[in-house]
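Dear colleague,

I am passing a structure on to you with this email, and below it you will find what I noted while going through it. Please keep the sequence and the structure open beside the text as you read.

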Amino acid sequence: MPKGRKRTEEEYEREIEEASKRIRKKKENIKTARTNATWQEYLTDVLGVSPKALDNGKDFWESVRERTLEFDTRAIQRRSRYSELRKVGYTAKEARRMRDWSEDKVELELARKSKPK
Amino acid sequence: MIIRIGKLQLRAYATILEKRIGICSQKDTREDKHALLIDFDNSSISTIINSLSSLQKKYKLPAIYIVASSKHSYHAYCFTARKFMEIIHILSDIPELDESYFRLGIIRGYFTLRITSRKGDKFKLVKTLVSVYPNEMLPDSLTVNEYLTSNKGKGGKRHAKR
């Protein structure tokens, strides 16, 4: 086809048909990729996948846990500390303020509170 | 080269063939199990990600790796082990799919993606769509095909318009 001219729809169809005939005639030789160095390199360098590792969906759950674990424990800690402080007799305002304190500081405060006056 | 003999005109072309390696969707050489290999035609990465995310949920697919193969051209790899007919069904649900890739894949009986880079282009992983579903085959179990071609890829003119 001359350079610069676009294929018409018919030409395009004919080319596909010719290619398909060629493919049908020629017995294509496909080999296992296990011994192919290019594919092994492609897997590790481009996709970042181990050729022999069967991924068990771990990636997804690991990323979920990574994002939620820290947040969840902190949230639980804050909630339980708040209810503890309320039980001891602190007001809601005081308990809200104290729930973010360090463990030692809370203990000191609790000891001070429980001391008989 | 053009030779004219009366009303007859003969044209001769010379092209340099390059050896390329393609990865085939077929698992091993005899089984009817295929990975989902996708070739995208002139689409933006955001459209591709949207399209593949919904496809992943719909067909319960494992992780999908999207790779930039050249400018405005992307490949996607998903290590499924589905029947060829199911692969065709999934591929036909992708509006951005390269049409000639799809048609030639059906004729061949497997789909092939080039893994050797063309001059100046480098493959680069763009996005991994993680999934709760595990891979259905080892990446090692696929097959490869070595071929000679003069195809230099899509012309610069087409991309320059964008």
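Contact here means heavy atoms within 4.5 Å. The model is a predicted one, and in it the contact takes 38 residues from chain B and 35 residues from chain A. The size of an interface is often given as the accessible area lost when the parts come together. Between chain B and chain A the buried area is about 3,300 Å², of which carbon and sulfur atoms give 61%.

Two salt bridges are found across the interface of chain B and chain A; Arg103(B) forms a salt bridge with Glu13(A), with the closest N and O atoms 3.1 Å apart. Between the two chains there are also seven residue pairs in polar contact. On the side of chain B that touches chain A, the residues divide into 22 nonpolar, nine polar and seven charged.

The chains also meet through strands, for β1 (residues 30–32) of chain A pairs with β9(B) in the antiparallel sense over three bridges, and the bridge partner of Thr32(A) in β9(B) is Thr143(B).

Within chain B, please look at strand β4 (residues 34–40): seven of its seven residues are buried, so the strand is largely enclosed by the rest of the structure. In a regular strand the side chains alternate between the two faces of the sheet. From β4(B), His34(B), Leu36(B), Ile38(B) and Phe40(B) point one way, while Ala35(B), Leu37(B) and Asp39(B) point the other way. Six bridges join β4(B) to β6(B) in an antiparallel arrangement, and Phe40(B) stands opposite Tyr74(B) in β6(B).

With best wishes

Key
Residues are numbered from 1 along each chain as its sequence is written. Chains are lettered from A and ligands numbered from 1 in the order in which they are written. This is a predicted model: local features need pLDDT of at least 70, side-chain atom pairs count only at pLDDT 80 or more; totals for chains, interfaces and linings use all residues. Side-chain values use heavy atoms; hydrogens and water are left out. Buried area is the accessible area (1.4 Å probe) that two parts lose on being put together, summed over both. A salt bridge is a side-chain nitrogen of Lys or Arg within 4 Å of a carboxyl oxygen of Asp or Glu. A polar contact is a pair of N or O atoms within 3.5 Å; within protein, one must be able to donate a hydrogen and the other to accept it, and residues adjacent in sequence count only if both atoms are side-chain atoms. Ala, Val, Leu, Ile, Met, Phe, Trp, Tyr, Cys and Pro count as nonpolar, Asp, Glu, Lys and Arg as charged, and the others, Gly among them, as polar. Two strands pair if DSSP finds at least two bridges between them. Helices (H or I, at least four residues) and strands (E, at least two) are DSSP runs, numbered from the N terminus. Buried means under 20% relative accessible area, exposed over 50%, partly exposed in between (1.4 Å probe, protein chains only).
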